[in-house]
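Reader: I would like to learn how to read aromatic pairs, cores and strand pairing. Please show me the model and take me through it.

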Amino acid sequence: MNTQHAAATTPAAEFVRDTQALRLVLDTGGTLKAASSALCQLLERTADELFGHYIWNFTALDSLDATLTALNQAVLQPGASTVEQCWLTRSNEHVWLQWSYLPVSDDGTLLAQAQVIKHPSCVPQQHSVAA
């Protein structure tokens, strides 16, 4: 899958290219700027489908508070911030990921890397995932 997007040509976007790690680049508002091919494959989506959408469009509703807290911590506190989130695949399967967020510039760019973790299933909830 394509991990590039025309608007995602910053050095931070290089973080997601040519890697099998689950990585993404986002801004402090939660907008996805780039995603690794491994993450796209796991979520059954292309990078273009993720680009420009909010991170919470792809997480379960019960992960929203943890997501917002981790983003705020990454911005306000030096060092990495971690969070466990339940993400939804295109086929609406629940995948638990432990993310580490790291701010990399004053312009609000965050780098994030995840690993799949074993976790009790997300409680299935009504959730609209961006198409």
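Author: Start with the rings: the structure holds three aromatic pairs. Rings of Phe, Tyr and Trp (its six-membered ring) pair if their centres lie within 6.5 Å; planes under 30 degrees apart are stacked, over 60 edge-to-face, and the rest tilted. This is a predicted model: local features need pLDDT of at least 70, side-chain atom pairs count only at pLDDT 80 or more, and totals for chains, interfaces and linings use all residues. Residues are numbered from 1 along each chain as its sequence is written, and side-chain values use heavy atoms, with hydrogens and water left out.

Reader: What kind of aromatic pair do Trp87 and Trp99 form?

Author: A pair of aromatic rings is described by the distance of the centres and the angle of the planes. Trp87 and Trp99 are tilted, at 5.5 Å centre to centre and 40° between the planes. Trp87 belongs to strand 3 and Trp99 to strand 4, so the pair ties together parts twelve residues apart in sequence. Strands (E, at least two residues) and helices (H or I, at least four) are DSSP runs, numbered from the N terminus.

Reader: Which kind of pair do Trp99 and Tyr101 form?

Author: Trp99 and Tyr101 are stacked: 6.3 Å between centres, 20° between planes. Both are buried (under 20% relative accessible area, with exposed over 50% and partly exposed in between; 1.4 Å probe, protein chains only). Trp87, Trp99 and Tyr101 make one aromatic cluster.

Reader: How many residues are in the largest nonpolar core?

Author: In soluble globular proteins, nonpolar side chains tend to be buried together. A nonpolar core is a set of buried Ala, Val, Leu, Ile, Met, Phe, Trp, Tyr and Cys residues joined through side-chain atoms within 4.5 Å. Here the largest has 25 residues; Leu24, Leu39 and Trp87 are among those with the most contacts inside it. Another core, of six residues, lies apart from it and includes Val16, Val25 and Leu111.

Reader: Which strands pair with strand 1?

Author: Two strands pair if DSSP finds at least two bridges between them. Strand 1 (residues 22-27) pairs with strand 5 (residues 109-116) in the antiparallel sense over six bridges. Strand 2 (residues 32-35) also pairs with strand 1 in the antiparallel sense, over three bridges. Take Val25: its bridge partner is Leu111 in strand 5 and Ala34 in strand 2.

Reader: How many residues of strand 1 are buried?

Author: Five of its six residues are buried.
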